Amino acid sequence: MLILISSVSVKFGIVSMMAGLMGVPLGSAVAQRLRLIDPTCDPLICGFALLTSTPFVYLALVVAEYNAAWCYFCVFAAQITINTTWSIVADMLLVSELDRV
């Protein structure tokens, strides 16, 4: 499969955008549900998401040489798991600032 350099940025941008649109609400929904069980679950969710993204980043780097579609899939999976932390980290920062006031 021939990969053109000019098409990589567009495809990567689409993959990143879709992962962001799916990952941020996913993180918020997971945190809201798990807070009912454990009110201090936010750092655990973030840590788990970041640990989960690591193999996908590694696989994306390894399979990029062989198959572009699998590389984009691994990047997508890694970015979804990384993007799940965005809303949770923002919530943790806001709560810590409100506690100071």
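Reader: What is the expected span of a helix?
Author: The expected span is 1.5 Å times one less than the number of residues in the helix. Keep that in mind for α1. This is a predicted model, by the way.

Reader: OK, α1. How many residues does it have, and how far does it reach?
Author: Helix α1 has 31 residues. From its first C-alpha to its last it reaches 44 Å, close to the expected 45 Å.

Reader: Which residues of α1 are buried?
Author: V15, A19, G20, G23, G27 and A31.

Reader: Which surface patch has M18 in it?
Author: A nonpolar one, formed by V10, I14, M17, M18, L21 and M22. Together they have about 580 Å² of accessible area.

Reader: Now the inside. Which residues make up the largest nonpolar core?
Author: Eight residues: V15, A60, V63, A68, C71, Y72, C74 and V75. The largest share, five residues, comes from α3.

Reader: Which other core is there?
Author: Another core, of five residues, lies apart from the largest one. Among its members are A31, C41, C46 and I88.

Reader: Why does C74 count as buried?
Author: Its relative accessible area is 5%. Buried means under 20%, so C74 qualifies.

Reader: How far apart are C74 and S53?
Author: In sequence, 21 residues. In space, 9.1 Å from C-alpha to C-alpha.

Reader: Switching to L61. Where is it, and is it buried or exposed?
Author: L61 sits in α2, residues 42-63. L61 counts as exposed because its relative accessibility is 66%, and the cut-off for exposed is over 50%.

Reader: How far is L61 from L36?
Author: The two are 25 residues apart in sequence. Their C-alpha atoms are 38 Å apart in space.

Methods. Residues are numbered from 1 along each chain as its sequence is written. This is a predicted model: local features need pLDDT of at least 70, side-chain atom pairs count only at pLDDT 80 or more; totals for chains, interfaces and linings use all residues. Side-chain values use heavy atoms; hydrogens and water are left out. Buried means under 20% relative accessible area, exposed over 50%, partly exposed in between (1.4 Å probe, protein chains only). Helices (H or I, at least four residues) and strands (E, at least two) are DSSP runs, numbered from the N terminus. Patches are made of residues with over 30% relative accessible area and no salt bridge: like charges are joined within 9 Å, nonpolar side chains (Val, Leu, Ile, Met, Phe, Trp, Tyr) within 5 Å. Accessible areas come from the Shrake-Rupley method with a 1.4 Å probe; for residues, only the protein chains shown count as cover. A salt bridge is a side-chain nitrogen of Lys or Arg within 4 Å of a carboxyl oxygen of Asp or Glu. A nonpolar core is a set of buried Ala, Val, Leu, Ile, Met, Phe, Trp, Tyr and Cys residues joined through side-chain atoms within 4.5 Å.
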